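Open your viewer and keep the selection panel handy. We will go from one stop to the next, with a word on what to look for at each.

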Amino acid sequence: MKQVPIGVSARHIHLSKEHIAMLFGAGYELKEMKALSQPGQYAAEETVAVVGPKGRFDKVRILGPARSKSQLEISRTDAFALGVNAPVRESGHTEGTPGIKVIGPAGEVELEEGVIVAARHIHFHTDDAAKWGIADKQELTVRFEGERGVTFEHVIARVSDQFALDMHIDTDEANAAGIKTGDIGVILV
């Protein structure tokens, strides 16, 4: 049986070095609050506000380290609240997505694009993927057996020797199925 731990991903933002400087001041370095499931990734102590056409969220957690480009990952419910039509996309695939205003303690940035609902995915270390015969970008089906059991389709495999085995879904998906971080899914295909 191919079991995978599930991580529930709440709204968060990845920022470029340039945008960190604009929001927090020149030369600012994010401070690690908590390590995440993926090696080298962390939740930063810092938060920002994001403002859309209809609404705003304060205290949106920044995930570090800095990325090459900024990206806000939200749920479909968050998208409605902000008033943006955020498409389901893989992380980093932000072309043609809506933008948003980001406010920090030292300034603000108007992102021209970068607001997405992250596609559900599984991070595989290359060893795990090879053992199970799974290829990078392969679409998988994962079953969660719980009180509100559900089968997730179109789960994207992301394979790298820099990853640790972990499936990521957003809060809407988790709430609908009664899933919490650390629950286990079974890869069917």
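Begin with Gln 71, whose side chain reaches the backbone nitrogen of Gly 92 at 2.7 Å. That side chain also makes a polar contact (a pair of N or O atoms within 3.5 Å, one able to donate a hydrogen and the other to accept it; residues adjacent in sequence count only if both atoms are side-chain atoms) with the side chain of Ser 91, at 3.0 Å.

A note before moving on: this is a predicted model, where local features need pLDDT of at least 70 and side-chain atom pairs 80 or more, while totals for chains, interfaces and linings use all residues. Numbering starts from 1 along each chain as its sequence is written, and side-chain values use heavy atoms, without hydrogens or water.

Is Gln 71 buried or exposed? It counts as buried because its relative accessibility is 3% (buried is under 20%, exposed over 50%, partly exposed in between, with a 1.4 Å probe and protein chains only). Show what is in contact with Gln 71 beyond four places in sequence, including His 12, His 93 and Ile 116 (heavy atoms within 4.5 Å).

Next, select Gly 64 and Pro 65: a cis peptide bond joins them, with omega about 5°.

Now pick His 154, in strand E13 (strands are DSSP runs of E, at least two residues, numbered from the N terminus). Its phi is positive, about 55°, although His 154 is not a glycine. At 52% relative accessibility, His 154 counts as exposed.

Finish on Lys 137, another non-glycine residue with positive phi, near 75°. With 45% relative accessibility, Lys 137 counts as partly exposed.

Conventions. Helix = DSSP H or I, 4+ residues; strand = E, 2+ residues; numbered from the N terminus.
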